[in-house]
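Dear colleague,

Please find below the sequence and structure that I am handing over to you. My notes on what was found follow directly after them.

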Amino acid sequence: MMLFMLLFSRQGKLRLQKWYMAYPDKTKKKITRELVTTILARKPKMCSFLEWKDCKIVYKRYASLYFCCAIEQNDNELLTLEIIHRYVELLDKYFGSVCELDIIFNFEKAYFILDELLIGGEIQETSKKNVLKAIASQDLLQEDEAVEGTLRDIGLL
Amino acid sequence: MYPYYEQDWSVLPPENNRRFNPAFNMATIRQAFTEAVERVRMPTPTRLRDLIRQIRAARTAAEERAVVNKECAYIRSTFREEDSVWRCRNIAKLLYIHMLGYPAHFGQLECLKLTASTRFTDKRIGYLGAMLLLDERQDVHLLITNCLKNDLNSSTQFVVGLALCTLGAIASPEMARDLASEVERLMKSPNTYIRKKATLCAFRVIRRVPELMEIFLPATRSLLSEKNHGILITGVTLITEMCENSSDTLMHFKKDSGNREIVPNLVRILKSLILGGYSPEHDVSGVSDPFLQVKILRLLRILGHNDPDASEAMNDILAQVATNTETSKNVGNTILYETVLSIMDIRSEGGLRVLAVNILGRFLLNSDKNIRYVALNTLLRTVHADTSAVQRHRTTILECLKDPDVSIRRRAMELSFALINAQNIRTMTKELLLFLEKADAEFKAQCSSGMILAAERYSPNSRWHLDTQLSVLIAAGNYVRDDVVSSTIQLVSSSPVPEQTYITNRFWESLQVSNHCEDKQPLLQVAVWAIGEYGDLFMYGANEDEFERPTESDLIAVYHKFLTSAQVSTTSKQYALVSLAKLSTRLQQCVEEIQALITSFGSHLNVDLQQRGVEFTQLFGSYKHLRPPLLEKMPAMQISRISSQNGESGGSFDDNSPDVIENGVELGGSSTHPLIESNMNTMGDNTNILLDLLGSTDLSAGASDLAMATDLSNSVHKKNTRNANNDATVSNNQDLLDLLDLDMSAPTTTPVMGINMAADPSSAANMNTMLGGLDLSGFGGGIDAMPNSIPTNGNDLASMLGRLNVAGGAPVHALAPLGSDVNSSSLLGELNPTAASNNVTVPPQGPKLTALDKNGLLVQLVPVPGSDCMKIFMTTTNSSDNTLEQYVLQAAVQKSFKLQMLTPSGSVLPPGGVITQEMRVVATSNAVLRMRLRIQYTLDGQQLVEQTEVSGFPEQQPAHE
């Protein structure tokens, strides 16, 4: 099971955080700080795995963003890399060649996509198409509501 | 009018708009309306997009803070108004602010309001906020339960989806219990979108509350006969969790899982994945659904573990996966990696195992670092199953020791230790020594201890062994652990005389190298010990290898240098001082210089050194006649070896497990103490009485384990070297003292400073051996603590010491105050860290709360209310016949309490073994303490988790600050 996932920039700025384990806020910040510094200090040629406390850290850099996951001892590190990659692919499809700014300005969308891929730290859907379909339908639902709300507001409905 | 979701699409011509947007036109229209309305309605809040821009535009941290604070103040003020139409937008902004690290808890209740809204947009953001801002530590989180329950019954699948997703992320045990039946209902939903989410929710529910497993069992039946991959993968995940959690469920699935048996069913799914044609939906660079494949392989591993029939049924498919998987990409290797793990874990055929090890061999040569890492990792797990196969890759593994990547080096080091045997010990040691010299500080301790252990086990001869020991001490410098020092001393002391002379000479040579005495203090300690002990051989014995001896005054000059150097630690000086005293009876001329040097310590600022100075000075004065017998050579120490635990647990060198022990044999004197022989299991009744007294019911079987951790000299060392955390254990030691007084009826003579007591000539011999034992450990306080009871029966005390060893670190130190009223306060000051840092706390008597009593595992808590905090002593006993490994206890308390957990006494529970751990709870408000425990351990390589809740703790006043 994935314990948490962090996205941060090369400057060490946190871009996304998803915690599947309950930690106190202070611990979360401490973990984030520690991992960000450790990972940023690692050289590009090094392997993507870190042994950290009682879990394993799997991270991968995509352009200016680092994707970093903590998994349990029994979990497959290589598969976690695939999950990260799948998430990046989904973001890419959704935003159309995604960049860091997309995730900054639409962080909630990035969360929604992640939530359609993983639940409780385990993968729920292995088809890219299904994930994107679910997100699109929900976006549509929101759009309809927004238009309806606006129309009602100005008295057209 | 709910424009939290803004886009700047209007600025782009439609053909350039790369965004996925099924409602492009609608959005533009909406935007126009919104802006029109916003112009009329004042004031409108900043849009999320604008806020992010503002924050990003801030040039300094202070500027950013200002923007954020202003916005937060504004958001707060809108929260105060009821029924704000901007709530959704404000929460979205708050979530961004939260990500930047600013506090956002004031938005928790607003999130709840959003989730209760009827609008999907509100719910979507509301639940997102709830997942980010709420967790089980927040009391508010229970308020969401009702909302979740409503939404789980919604007719819109996406609303149900949101609720399930939230439940999966933040489910607390209470929530899990309340909503388990809803989840179970949804698991049977015909809608795959809901069904897969519900299945993973069930997984989380079981994680949190394993007892709830039962209710989900029937619903798992049909999961594996589905075609939809989402359902299959979530179903396999859920079943895996169930099987890992309880062996009963594992049996249940093996026997009956609906229409078909589970193993053939999984094999069928896997087969269709690898042999079925190309399916674009699930393809990942030529591999069909690797996610599902890996999950199935893992479940097969659990099902086939120790089950010949099940293993037989999956042999073929594993071979197919192992041979048919494309390995040019990470995906293929992912699957191969999982396959290898499965092959090694089940009762697979020999041929298959060879195939698996060969795959790992290929992995080792892979250019991808990640693949090499998992190869090393897996080899370590399989090395005990098939050493010779792994040995073939030894050269490659040794190459990995030089890798620039720390993760790979660590794995390679551990694997190297697992590969050492009597045949390759010389070459391996040579390589590892090279590694040790250049290794980072974090590796040095572990590596040196590992090498010493290997040398002890496989050394071809004692000369080589001594040389290796010396090289390790030189290479690892100050990072050497205390166990290496004591094991080296032990080794030297049990070597034949020519070897002792030889190694003493070598030690002397190594001390001549500049900086060695500051940078390599463990070496210094061992060296001065040897020179002191064998000073006569060293200076005047047979000189076979034409060693250039120093003159006596040179020797004393060197000692003078150590003893006055500011860089040399107190512990090393303690060694040096005792060594010097010993030398005074071994040298022929320089006795006065020695006396002068020792006397100068009579006014040393360090109380321990001062005490040694004063006491040894006595031996040059009125008790001169006692000096030679008191400082005689120590009897050879008996070597007892306890193999490290790199056996079943996958070869990892457990940091907690001491690698070498020396027990209290030499303390017990030469003759009468069979009780303290190396085998602690043979301890007599008295010991048990004492142990019972100490509050542990059945320590005797686990005693050897404890003894390993807490041999006298080691723990004494720790006392001397660690000086942290001074407030903790005074009361503990005191308790122990009371107990000791009570039952052991320790011979009560009035406490007199140590040496005086030795005036009774009959006990001089005893005293001698004791001193011998003591200076080994560098235990200053002990010198006066011990002789206290010698005149009557020193043996008793010695045996007490020996036995106390068994009970843990704390008792040993408790002896010190027993004897020395004179400086007991300072001793106590020094004593404190031991129990805490030694991890063996002795639970006092008190009302016991049984937290868990299951399968022979008994977890009991003894709360001891104190003035500032309540101490809770946890004792775990294992009365089953199995060894539990990697035992970890996690505890959680309500928010109104603060919980601090000290390090446990160990992580391995042999049959009859005991682990103790101390927790401290401070109340911040008036509330009744409840504690939730999660107990995790590995049994036969399987990880098991128990969860339980404990209440009934005594009331506690909140601490006032």
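Over all chains of this predicted model, the count of salt bridges comes to 47. One of them joins the side chains of A:Arg42 and B:Asp405, with N and O 3.0 Å apart. This pair crosses between chains: A:Arg42 sits in the loop between α1 (25-41) and β3 (49-52) of chain A, while B:Asp405 belongs to the loop between α21 (394-400) and α22 (406-419) of chain B. Across the interface of chain B and chain A, 9 salt bridges are found. In another salt bridge, A:Asp139 is paired with B:Arg124, and here the closest N and O atoms are 2.7 Å apart.

The interface itself may be described as follows. Chain B contributes 89 residues to the contact and chain A contributes 81 residues. Between the two chains an area of about 7900 Å² is buried, and carbon and sulfur atoms give 55% of this area. On the chain B side, the residues that lose the most area to chain A are B:Met99, B:Arg124 and B:Phe291, which together account for 10% of what that side buries. For the complex, the predictor gives an ipTM of 0.97 and a pTM of 0.65.

Two spaces in the model were also examined. The largest cavity holds about 190 Å³ of space and has a lining of 16 residues. Nearest its centre lie A:Asp75, A:Leu79, A:Ile83, A:Glu122 and B:Lys295. At least two lining residues of this cavity come from each of α2 (77-95) and β7 (122-123) of chain A and α15 (290-304) of chain B. By class, the lining of the largest cavity comprises 7 nonpolar, 4 polar and 5 charged residues.

The second largest pocket has about 770 Å³ of space, and 33 residues line it. Those nearest the centre of this pocket are B:Asn245, B:Ser246, B:Ser247, B:Asn855 and B:Leu944. Two or more lining residues come from each of several elements of chain B, including α12 (229-245), β3 (849-854) and β10 (942-950). The most is given by α13(B), with 6 residues. The lining of the second largest pocket divides into 12 nonpolar, 12 polar and 9 charged residues.

Finally, a word on confidence in chain B. Its average pLDDT is 75, and 73% of the residues score at least 70. Residues 1-14 of chain B stay under 50 in pLDDT, and the model has 45 contacts for them beyond four places in sequence. The pLDDT is also below 50 over residues 641-843 of chain B, a stretch with 365 contacts in the model beyond near neighbours in sequence. Where pLDDT is low, the predicted coordinates should not be read in detail.

With kind regards

Methods. Residues are numbered from 1 along each chain as its sequence is written. Chains are lettered from A and ligands numbered from 1 in the order in which they are written. This is a predicted model: local features need pLDDT of at least 70, side-chain atom pairs count only at pLDDT 80 or more; totals for chains, interfaces and linings use all residues. Side-chain values use heavy atoms; hydrogens and water are left out. pLDDT is the predictor's confidence in each residue, from 0 to 100. Contact means heavy atoms within 4.5 Å. On a 1 Å grid over the protein atoms alone, a cavity is a set of points where a 1.4 Å probe fits but cannot get out, and a pocket is an open set with protein on both sides within 12 Å along at least five of seven lines; lining residues have an atom within 4 Å of a point. Grid points are joined across faces, edges and corners, and a volume is the space filled by probe spheres set on the points. Helices (H or I, at least four residues) and strands (E, at least two) are DSSP runs, numbered from the N terminus. Ala, Val, Leu, Ile, Met, Phe, Trp, Tyr, Cys and Pro count as nonpolar, Asp, Glu, Lys and Arg as charged, and the others, Gly among them, as polar. Buried area is the accessible area (1.4 Å probe) that two parts lose on being put together, summed over both. A salt bridge is a side-chain nitrogen of Lys or Arg within 4 Å of a carboxyl oxygen of Asp or Glu.
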